[in-house]
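Student: Please take a close look at the aromatic side chains of this model and explain how they relate to their surroundings.

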Amino acid sequence: MPNRDNPLADPSPMNAALAERAHQLSVIFDSIADVTFVLNVEDDGRYRFIFANKAFEKTTGLSLEKVAGSYVEDIIPEPSLSLVRAKYREAVVTLARVVWQETTAFPTGPVTGEVSVTPVCDAAGRCRQLVGIVHDLTREKQIEEALRRSNTRFAYALKATTDAIYEWNVADDTLYWGEGFEELFGHKLVQNPTSFSKWADFVDPAESQRVVLGLRRAAHETTALFWQEEYRFLRADGTWAVVFDRGNILRNATGQAVRMIGAMQDITLRKQAETQQRLLAEKLMKQNAYLQQCGYLISHNLRAPLANALGFTDLLARVDKESEVFADCLKNLRISLHRLDDVLTDVNAILTVPDQQEVDATEPVALAAVCQQALDHAQPELQEAGAQVACRIAEDVQIPGIHAFFHSIFDNLISNAVKYRAVTRPLKIEITATTGLHQDTTIVFSDNGSGFDQEQAGDVFQLYRRLQVDKPGRGIGLYLIKNHVEAMGGQITVQSQVNQGTQFILYFSPRADENLPD
């Protein structure tokens with residue numbers, strides 16, 4: 001007889017087919033990766049689980065034996081319970097599929113999923129069951145959250161750094177810039193990424209061959225994974241920044257450059273500090289040289305006249321005041337003291353050079369005016385020598401410098417021209433000043449004097465280097481001229497031929513630091 005309590009237990013062919021179909025459906029549902037469940041819609045508005053697949057158990061950690069037959073409130077905790085009840089009610093009332101996202105705490109941990117419930121109606125059109133499917137988004141959400149946190153940390157890192165971070169897409173030849181680019185250099189990014197050439201246009205043209213072409217060669221013609229350079233980069237306000245640029249080149253399996261992640265660091269202030277340190281070191285070296293010169297003066301030039309003076313003083317105390325020896329001793333004592341005074345004067349002149357170099361050379365000096373002042377000062381000597389002077393300096397020629405230095409330079413050059421004039425012809429002096437395209441100024445002081453052999457004379461600007469020993473002088477004039485010129489960032493050279501004359505060339509650049517030795 002048929003089993004009325006369990007029709008599927010009836011061995012009839014129809015019931016056997018139904019049992020087989022039920023088994024197949026169970027296998028299908030259990031093989032689905034998404035959580036699948038069926039809810040009975042009770043007359044009292046409650047919802048009871050009548051089926052759940054194995055994915056439900058794996059995802060939530062709740063056994064199927066516990067789920068089957070349980071009401072929703074026994075399985076789903078708050079605050080998710082209130083949400084799912086509302087969504088279930090919406091599906092029942094609208095008789096339409098309802099979809100939403102929720103995160104629910106289960107024994108396995110928080111589970112985030114995209115949930116959908118589809119109503120199943122009876123013949124009268126009333127919703128009797130809800131078929132639910134949950135697509136587990138927990139892993140994706142965890143990845144998204146980790147990526148969001150990583151991006152947030154990266155964004156804060158970009159704000160914290162003073163570097164301009166960039167990414168070079170080699171295939172597209174474009175650069176994607178971080179926020180630091182606008183902050184450091186002032187260029188507004190109308191679009192981002194920008195073309196590679198946009199960056200290249202701001203590199204100092206004098207360094208483009210080394211920097212821009214060097215980067216392309218490193219990417220395309222080598223297997224290098226790292227690149228770095230130091231160069232000048234144009235800011236939006238027209239000034240130049242010194243940058244230190246370095247990047248990592250990412251290559252594919254065949255070794256082709258794909259991307260480069262890099263950072264530009266503005267090191268202008270550091271380079272300025274290094275320059276100041278270098279200039280300070282040079283200054284200390286010069287001051288040390290001055291001290292050595294003074295030591296030479298004291299140990300050598302000062303010793304002889306002082307020893308002579310002491311000797312004559314001692315002799316005066318032992319000879320008759322009315323004798324001829326006494327008179328000679330007194331005369332020689334006076335000569336020794338004068339020589340001693342000359343040496344002390346030289347020492348004072350040399351010691352003032354370092355102090356004078358501390359003066360900030362910002363005064364615009366009118367060359368024509370200061371040259372005329374020096375000529376007026378030397379007028380008696382020039383008239384006595386019968387000199388013809390031609391000063392061809394325009395009234396508007398000015399050089400940033402120190403008025404007293406230029407006066408001393410012209411005064412010493414005029415004095416030397418008079419002192420070393422040729423005896424066979426009248427002295428002629430010509431002074432010119434020309435300004436170049438870059439506002440650099442060249443002063444040329446020429447005379448037709450006796451001249452000198454440059455090879456034999458050596459460094460004529462060295463202290464105590466005498467050009468002609470038969471002429472009076474102590475050999476510090478040219479030494480002081482050179483120091484005055486260099487103190488104002490200039491350079492001086494000399495050209496001379498015996499019995500032809502001498503020409504001094506003074507050059508001043510508007511950027512005085514370019515004249516300093518490296």
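Tutor: Tyr-166, Trp-177, Phe-181, Phe-185, Phe-202 and Phe-233 are joined into a cluster by ring pairs; rings of Phe, Tyr and Trp (its six-membered ring) pair if their centres lie within 6.5 Å, with planes under 30 degrees apart counted as stacked, over 60 as edge-to-face and the rest as tilted. The model is predicted: local features need pLDDT of at least 70 and side-chain atom pairs pLDDT 80 or more, while totals for chains, interfaces and linings use all residues. Residues are numbered from 1 along each chain as its sequence is written, and side-chain values use heavy atoms, leaving out hydrogens and water.

Across the whole structure, the search finds 16 aromatic pairs. In one of them, the ring centres of Tyr-47 and Tyr-88 are 5.2 Å apart and the planes stand at 65°, so this pair is edge-to-face. Because Tyr-47 belongs to strand 2 and Tyr-88 to helix 5, the pair ties together parts 41 residues apart in sequence; helices (H or I, at least four residues) and strands (E, at least two) are DSSP runs numbered from the N terminus. Both Tyr-47 and Tyr-88 are buried, that is, under 20% relative accessible area with a 1.4 Å probe, protein chains only (exposed is over 50%, partly exposed in between).

Charged groups also meet aromatic faces. Arg-46 lies over the face of Tyr-71, 3.6 Å from the ring centre, and the charged end of Arg-216 sits over the ring of Phe-196, 4.0 Å from its centre. The criterion is NZ of Lys or CZ of Arg within 6 Å of the ring centre and within 35 degrees of the ring normal.
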